[in-house]
Amino acid sequence: MYAVYLIINENGEKYIGFTTNLVNRLKAHNLGLNKSTKGHFWNLAYAEFYRNEQDAREREKKLKQHGQGKRHMYERAKRSIEDSKKS
């Protein structure tokens, strides 16, 4: 299973990523093992799961590159995003 996910840090900054193991990936973000997210505490706000790796990678790429796709995802997960900021 492949996951495309949205995490949010204590400052409300968002990061979109791709992984095959969401639990371990979130731990890696919080341990500072990712240069882009180092130095912050991250909470999972949203995730989509795919059976096909290429589908997941294409979705991640579209979310990172296209503002409209991000806006739709943020709207779909708006309450989860707000809850993540509080944790």
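## Charges and overall build

Let's begin with charge: the chain has 18 positive and 10 negative charges, and their mean positions are 2 Å apart. Here Lys and Arg count as positive and Asp and Glu as negative, while His and the chain ends are not counted. Each charge is placed at NZ of Lys, CZ of Arg, CG of Asp or CD of Glu. Please keep in mind that this is a predicted model, in which local features need pLDDT of at least 70 and side-chain atom pairs count only at pLDDT 80 or more, while totals for chains, interfaces and linings use all residues. Residues are numbered from 1 along each chain as its sequence is written, and side-chain values use heavy atoms, with hydrogens and water left out.

The chain contains four helices and three strands, arranged along the sequence as β-β-α-β-α-α-α. Its radius of gyration is 12 Å, close to the 12 Å that the globule rule gives for 87 residues, so the chain is as compact as a globular protein of that length. That radius is taken over C-alpha atoms, and the globule rule is 2.2 Å times the number of residues to the power 0.38. Helices (H or I, at least four residues) and strands (E, at least two) are DSSP runs, numbered from the N terminus.

## Size, surface and contacts

Along its principal axes, the C-alpha trace spans about 30 × 25 × 20 Å. The accessible surface comes to about 5,800 Å², and carbon and sulfur atoms hold 46% of that surface. These areas come from the Shrake-Rupley method with a 1.4 Å probe; for residues, only the protein chains shown count as cover.

Of the 87 residues, 36% are buried. Buried means under 20% relative accessible area, exposed means over 50%, and partly exposed is in between (1.4 Å probe, protein chains only). Among contacts (heavy atoms within 4.5 Å) with a separation of 6 or more, 60% are between residues 24 or more positions apart.

## Around Tyr15 and Thr37

Tyr15 sits in strand 2 (residues 14-19) and counts as buried, with 16% relative accessibility. Not counting residues up to four places away in sequence, Tyr15 touches several residues, including His29, Thr37 and Trp42. Tyr15 and Trp42 are 27 residues apart in sequence, yet 9.0 Å apart in space, C-alpha to C-alpha.

Thr37 belongs to the loop between helix 1 (22-30) and strand 3. Thr37 is buried because its relative accessible area is 0%. Its side chain makes a polar contact with the side chain of His29 at 2.7 Å. A polar contact is a pair of N or O atoms within 3.5 Å; within protein, one must be able to donate a hydrogen and the other to accept it, and residues adjacent in sequence count only if both atoms are side-chain atoms.

Met1 comes in the segment before strand 1 (2-9) and is exposed, with a relative accessible area of 60%. Beyond its neighbours within four places in sequence, Met1 is in contact with residues including Phe49 and Tyr50.

Phe49 lies in strand 3 (residues 42-50). Leaving aside neighbours within four places, Phe49 contacts Met1, Tyr2, Ala3 and Leu22. Phe49 and Phe18 are 31 residues apart in sequence and 9.8 Å apart in space, C-alpha to C-alpha.

Glu60 lies in helix 2 (residues 53-65). Is Glu60 buried or exposed? Glu60 is buried, with a relative accessible area of 14%.
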